[in-house]
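Reader: I'm new to this one and would like a close look at a single part. Could you walk me through it slowly?

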Amino acid sequence: IVDGDQDSGIDCASACGAGTVHHYIAQPRRYSIPFFLRLSQEVRRRNWWNVLKYVSCLLLVFSSGMHSASKEWDTDATDLWWGPWRIIWVLTAIWKTIYCFYWDMVHDFGVWEAGHNGLREPSTLAFPPCMYYAGMCFDFCGRVLWTFTISPHILSDRWALLLSMVE
């Protein structure tokens, strides 16, 4: 639909640049902006371990965009195509999910003590331990959903917005 004329015959996908190299570059850039901002803040603070969290997110977005582009360029590719960029995306997704979950539990929420091999001492907990384990499961599921939310090749913008709100 261009200029309000529904019968113009112009394909919106081609008019908007979908499926072009520009689309495969612009969409990951748009997804990357918040991570670049947080990365720059953490670099200024010299919090190198937290920098890794944002680097993993940027690598995930980049590998997702490259997977989409390479699938488009390969004429033999199918929806189940396992090229090198999908493999890189899967490995990056696993790394990002585990590292961000670890960071949440140990550094952000402080409920898991690395040297203690489990929850903090029960005397320091405000709630029963089962509440913390349920929260950990919920956080891990949220991290997995977030992986799909920030991967442009997985979801359309509408689904990404919905998943972001659920997360």
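Which helix does lysine 53 lie in, and what is around that part?

Author: Happy to. Keep in mind that this is a predicted model. Lysine 53 lies in helix α3, which covers residues 48-73. Is lysine 53 buried or exposed? Its relative accessible area is 7%, and buried means under 20%, so lysine 53 counts as buried. Leaving out residues up to four places away in sequence, lysine 53 touches Tyr99, Cys100, Trp103 and Asp108.

Two of those names come back when you look at the aromatic rings: ring pairs link Tyr99, Tyr102 and Trp103 into a cluster.

Searching the whole structure turns up five aromatic pairs. One of them joins phenylalanine 127 and tyrosine 132: the ring centres are 6.3 Å apart and the planes sit at 50°, so this pair is tilted. The partners differ in cover, though. Phenylalanine 127 is exposed, at 51% relative accessibility, while tyrosine 132 is buried, with a relative accessible area of 14%.

Conventions. Residues are numbered from 1 along each chain as its sequence is written. This is a predicted model: local features need pLDDT of at least 70, side-chain atom pairs count only at pLDDT 80 or more; totals for chains, interfaces and linings use all residues. Side-chain values use heavy atoms; hydrogens and water are left out. Rings of Phe, Tyr and Trp (its six-membered ring) pair if their centres lie within 6.5 Å; planes under 30 degrees apart count as stacked, over 60 as edge-to-face and the rest as tilted. Buried means under 20% relative accessible area, exposed over 50%, partly exposed in between (1.4 Å probe, protein chains only). Helices (H or I, at least four residues) and strands (E, at least two) are DSSP runs, numbered from the N terminus. Contact means heavy atoms within 4.5 Å.
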